[in-house]
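Reader: Got a model here that I'd like to walk through. Can you take me over the rings, the sheet and the cavities?

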Amino acid sequence: MTTTTFTAPAEARLAVARQVADAVLFEGYVLYPYRASAAKNRLRWQFGVLVPPSWTATAAEHDFQHTELLMEPRRGAVLSVEVRFLHARRRTVQRVLPDGGFETVGELRLADRVIVPWDEGREERVRLTVAVEELAGSGAVVPFDRPAGEETEPVTDADGTVVGRLVRRHEAVRGVLRLSASPLDGPYTAQRLSAVVENTGEWLPGEGAGRDAALSRSLVATHTLLHLDAGRFLSLTDPPEWARGAAAACRNLHTWPVLAGEPDSRDLVLSSPIILEDHPAIAPESPGALYDATEIDEILALRTAALTDEEKREARGTDDRAAAVIELTDSMPAQVLERLHGAVRGLREVTAPAPPVSGGAACGPVRPDTPWWDPGADASVDPARDHVLVDGRQVRAGSRVVLRPRLRHTDAQDLFLAGRRALVEAVLHDVDGGVHVAVTVEDDPGADIRREQGRYLYFQPDEIDVEAP
């Protein structure tokens with residue numbers, strides 16, 4: 001039997017996951033400098049946008065999210081699901097006319113703020129509680145819709161006199177949530193859980209209709225929270241050995257599920273359009289939501305506090321959340337700002353012995369009075385003489401190789417060097433036991449400068465082929 005009411009324990013656990021989910025929901029909602037007139041805020045909402053099906057043919061956006069993950073439910077387990085998204089509301093600004101009517105204007109200037117047109121986002125939720133045993137076969141299908149509507153809000157000045165109003169209009173959105181589960185092959189009790197969220201709106205764009213028109217009919221910043229009251233979910237990034245094949249076979253499209261909640265918990269999952277690691281958490285130093293996570297909180301706080309009074313007035317009138325950022329940075333105590341400068345999560349004594357080195361170098365005597373990160377700490381490590389085996393052949397300084405960069409651990413620039421010949425300048429070992437081959441590319445006019453400055457290109461041993469002598 002399915003219901004839309006969560007039990008108190010499930011509600012409490014989902015509240016834990018929402019601490020990070022809120023950051024996903026409002027990521028990029030309004031960017032510094034938090035004004036509608038800023039160029040950064042004219043292209044809105046980049047994550048988790050599920051557009052109407054008719055719009056996918058004209059834009060590189062999608063009308064669905066598909067989540068697959070593994071779980072080990074106990075007998076009688078109940079799954080609680082919450083899909084969250086923003087429903088765009090177009091806000092226009094009107095001023096009072098002498099005859100008592102209203103006229104749409106580009107801005108409404110008040111003593112403390114300048115109110116301008118803006119698209120707000122209202123949080124919406126689709127909730128479902130279902131016994132896991134009911135998800136076999138066709139599973140559960142939950143359609144949902146939010147009808148179109150219009151709301152008005154009076155705007156008053158400092159004396160309480162009505163000087164205008166805000167008109168908020170929102171279009172209808174429609175969608176469906178599909179849940180199903182199937183047992184894994186083999187002797188295990190694990191199941192593969194599938195959760196699909198679709199925009200099923202029937203809107204047909206007219207001639208010249210742009211992305212803004214589609215956004216008003218989209219599910220914005222869509223993500224899914226799941227809670228299992230008996231049993232556990234399995235990590236897709238670090239599954240148990242027996243489940244690695246099944247985890248690799250999970251299909252996740254336009255979203256990525258991670259374990260949520262405390263580091264040792266396994267009952268919560270957040271399926272997010274932003275790639276996260278398992279058990280993501282808000283940093284304890286964070287003073288509040290700043291909505292622009294592509295920037296560093298300290299820089300955002302300092303630059304926001306330095307906005308002019310006029311810029312802050314426009315930010316306060318852009319959106320209530322932007323106004324809250326202005327108040328936060330203006331009232332931030334010095335000790336809170338200082339905490340944003342950085343935090344140490346762990347310490348290790350710098351004179352501790354260096355970690356064991358792998359990849360062909362033998363561990364030699366360690367000087368206890370030398371920091372572990374100093375090249376002189378281990379006399380057996382010498383980049384100019386060390387070697388590494390590649391296809392059974394020794395590669396060391398002076399070897400000629402062919403570069404074969406791989407997507408697994410290379411940046412985009414290295415891919416342009418595929419197939420180029422290079423000279424090995426050194427074989428290096430890091431403190432974690434990794435091996436790195438430093439090279440200069442043949443025919444590079446700046447090779448001599450690179451050698452002089454020690455600024456080489458670095459590749460893994462499995463990214464090079466050895467040339468015949």
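Author: What follows is a short tour of a predicted model.

Reader: Rings to begin with. How many aromatic pairs are there in the whole structure?

Author: Five, from a search of the whole structure. Take F26 and Y29. Their ring centres are 5.5 Å apart and the planes meet at 80°, so this pair is edge-to-face.

Reader: F26 and Y29, buried or exposed?

Author: Both F26 and Y29 are buried.

Reader: What about W55 and W203, how is that pair arranged?

Author: Tilted. The centres of W55 and W203 are 6.3 Å apart, with 35° between the planes.

Reader: Where do they sit in the chain?

Author: In distant parts, 148 residues apart. W55 is in the loop between α1 (8-25) and β2 (64-73). W203 is in the loop between β12 (191-199) and α2 (211-215). W55 and W203 are both buried.

Reader: Back to F26 and Y29. Which cluster are they in?

Author: One that also takes in W45, with ring pairs linking the three.

Reader: And R44, which rings does its charge sit over?

Author: Y29, for one: the charged end of R44 is 5.4 Å from that ring centre. R44 also lies over the face of W118, at 3.9 Å from the ring centre.

Reader: New topic. What's the strand order in the open sheet?

Author: β8-β11-β12-β2-β14, five strands with antiparallel pairing.

Reader: What's the average twist?

Author: From one strand to the next, it averages 25°.

Reader: Zoom in on β8 and β11. How many bridges?

Author: Seven, in the antiparallel sense; β11 covers residues 173-183.

Reader: Last topic. How many cavities of 30 Å³ or more?

Author: Two. The largest cavity holds about 40 Å³ of space.

Reader: Which residues line the largest cavity?

Author: L69, L234, S235, L236, P257, V258, L259, V269 and D278.

Reader: Which strand gives the largest share of that lining?

Author: β15 (residues 256-259), with three residues.

Conventions. Residues are numbered from 1 along each chain as its sequence is written. This is a predicted model: local features need pLDDT of at least 70, side-chain atom pairs count only at pLDDT 80 or more; totals for chains, interfaces and linings use all residues. Side-chain values use heavy atoms; hydrogens and water are left out. Rings of Phe, Tyr and Trp (its six-membered ring) pair if their centres lie within 6.5 Å; planes under 30 degrees apart count as stacked, over 60 as edge-to-face and the rest as tilted. Buried means under 20% relative accessible area, exposed over 50%, partly exposed in between (1.4 Å probe, protein chains only). Helices (H or I, at least four residues) and strands (E, at least two) are DSSP runs, numbered from the N terminus. A charge sits over a ring if NZ of Lys or CZ of Arg is within 6 Å of the ring centre and within 35 degrees of the ring normal. Two strands pair if DSSP finds at least two bridges between them. Axes are lines fitted to C-alpha atoms, for helices over the stretch in contact, and angles run from 0 to 180 degrees between N-to-C directions. On a 1 Å grid over the protein atoms alone, a cavity is a set of points where a 1.4 Å probe fits but cannot get out, and a pocket is an open set with protein on both sides within 12 Å along at least five of seven lines; lining residues have an atom within 4 Å of a point. Grid points are joined across faces, edges and corners, and a volume is the space filled by probe spheres set on the points.
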